[in-house]
Amino acid sequence: MKSAARSSLLRLIEAGQLARQALLAPLPALGLEPGDDAILLLLAESPAMTIEAISQATGLGAAALGQRLNRLAAKDLLAAADQGKAEPHLTLSRNGRRAADQLARYWQEMERELNKGLKPRERKRLRKTLGRFLHFLST
């Protein structure tokens, strides 16, 4: 029987923890807290979202999300999107867009470093394997 120290699951957990630590590195310089990056990157991909949609995408409850959104708005990272709809939508401000762009560039650099030395076929196999792990763990 394979020891827990050599198991794929343990290695996956370790990799996830180290990846998250690395991705937290640029947050303090941008005046952000852990989790703020998820909202900024989400809004960078979906330019105008309702608070409910942000809540569903992030898994944050109304109170926690409200506090976080108020803090990000106070830092001039969020703005109201005037779409003439009944439900208010949020979008990134100019400063929010800059912060999201910086985070995205950092993530891309991390991705390049992780894939350095891997051939395209190996990268594809790794993505598929990780996808299988995620599917298995989410069911």
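Which residue just after helix 4 takes a positive phi? Asp76 does, at about 60°, and the views below take you there and to a few other spots. This is a predicted model, where local features need pLDDT of at least 70, side-chain atom pairs count only at pLDDT 80 or more, and totals for chains, interfaces and linings use all residues. Residues are numbered from 1 along each chain as its sequence is written, and side-chain values use heavy atoms, with hydrogens and water left out.

**View 1. Asp76, in the loop between helix 4 and strand 2.** Helices (H or I, at least four residues) and strands (E, at least two) are DSSP runs, numbered from the N terminus. Asp76 has a phi near 60°, a positive value in a residue other than glycine. Most residues other than glycine have a negative phi. Asp76 is also partly exposed, with a relative accessible area of 39%; here buried means under 20%, exposed over 50% and partly exposed in between (1.4 Å probe, protein chains only).

View 2. Leu65, Arg68, Leu69 and Leu72 are buried.

**View 3. Glu33, in the loop between helix 1 and helix 2.** Glu33 is partly exposed, with a relative accessible area of 40%. Leaving aside neighbours within four places in sequence, Glu33 is in contact with Leu27, Arg68 and Arg71. Glu33 and Arg68 sit 35 residues apart in sequence, and their C-alpha atoms are 9.2 Å apart in space.

**View 4. The largest pocket, about 1100 Å³ in volume.** On a 1 Å grid over the protein atoms alone, a pocket is an open set of points where a 1.4 Å probe fits, with protein on both sides within 12 Å along at least five of seven lines; lining residues have an atom within 4 Å of a point. Of the 32 lining residues, Ala15, Gly16, Ala19, Leu114 and Leu130 are the closest to the centre. Helix 1 (8–24), helix 2 (36–45), helix 5 (94–115) and helix 6 (120–138) each give two or more residues to the lining, and helix 1 has the largest share, 13 residues.

**View 5. Met110, in helix 5.** Met110 counts as partly exposed, at 22% relative accessibility. Not counting residues up to four places away in sequence, Met110 touches Ala22 and Leu23. The C-alpha atoms of Met110 and Lys128 are separated by 19 Å, and these residues are 18 apart along the chain.

**View 6. Helix 6, hardly covered.** Among the 19 residues of helix 6, the count of buried ones is one. Helix 6 reaches 27 Å from first C-alpha to last, close to the 27 Å expected.

How values were computed: Points joined across faces, edges and corners; volume = space filled by probe spheres on them. Contact = heavy atoms within 4.5 Å. Expected span 1.5 Å × (residues − 1).
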